[in-house]
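Subject: Structure handover

Hello,

Please find the structure below.

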Amino acid sequence: MSEWIVAMKDADLKEEKIKVIKTENKQIALIRKDNDIFALLNECPHEGCPLKNGTLEDYTLKCACHNWGFDIRTGENVDTGEYIDIDDPRVDIFETKIEDGNIEILI
């Protein structure tokens, strides 16, 4: 069952910065890009590296460990660098909304 959770104050997430929040069993990276808010699992499917340490290039978040790139809008892998056989090299994304000055995530 999905539920909306308050992640943080809207004003605390600056443009093109990555903030991580922890839920019961997940770490979720929040990113504001062009005043839209994106939320994705803070874990690269390649070797589990935290995506918060990566770099944002346009709408692509590059993992700091092996330079894999993920579209923050869809979670799709857009650049694997080296080829690794992974069934689904995407990152889970989460729906977001702003309610009463807070960023909320659908978990």
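Buried means under 20% relative accessible area, exposed over 50%, and partly exposed in between (1.4 Å probe, protein chains only). The model is predicted, so to speak of local features a pLDDT of at least 70 is needed, side-chain atom pairs count only at pLDDT 80 or more, and totals for chains, interfaces and linings use all residues. Residues are numbered from 1 along each chain as its sequence is written, and side-chain values use heavy atoms, with hydrogens and water left out.

Cysteines

One disulfide (a pair of cysteine sulfur atoms within 2.5 Å) turns up in a search of the whole structure. The bond is between Cys-49 and Cys-65, with an S to S distance of 2.1 Å. The angle about the S-S bond is -110 degrees, and the link is left-handed. Its two ends lie in distant parts of the chain, 16 residues apart: Cys-49 is in the loop between strand S4 (36–41) and strand S5 (55–57), and Cys-65 in the loop between strand S6 (60–62) and strand S7 (69–71). Strands here are DSSP runs of E with at least two residues, numbered from the N terminus. Cys-49 is buried at 10% relative accessible area, whereas Cys-65 is partly exposed at 39%.

Cys-44 is in no disulfide, and the nearest cysteine sulfur, that of Cys-63, is 4.0 Å away. Cys-63 is likewise in no disulfide. Both are buried, Cys-44 at 2% and Cys-63 at 4% relative accessibility.

Salt bridges

There are six salt bridges (a side-chain nitrogen of Lys or Arg within 4 Å of a carboxyl oxygen of Asp or Glu) in the structure. In one of them, Arg-32 pairs with Asp-10, the closest N and O atoms being 2.5 Å apart. Arg-32 is in strand S3 (residues 27–33) and Asp-10 in the loop between S1 and S2, so this pair ties together parts 22 residues apart in sequence. Lys-33 forms a salt bridge with Glu-16, at 2.8 Å between the closest N and O atoms. Lys-33 is also in strand S3, with Glu-16 in the loop between S1 and S2, 17 residues away.

Another salt bridge joins Arg-73 to Asp-71, with the closest N and O atoms 2.9 Å apart.

Regards

How values were computed:
Helices (H or I, at least four residues) and strands (E, at least two) are DSSP runs, numbered from the N terminus.
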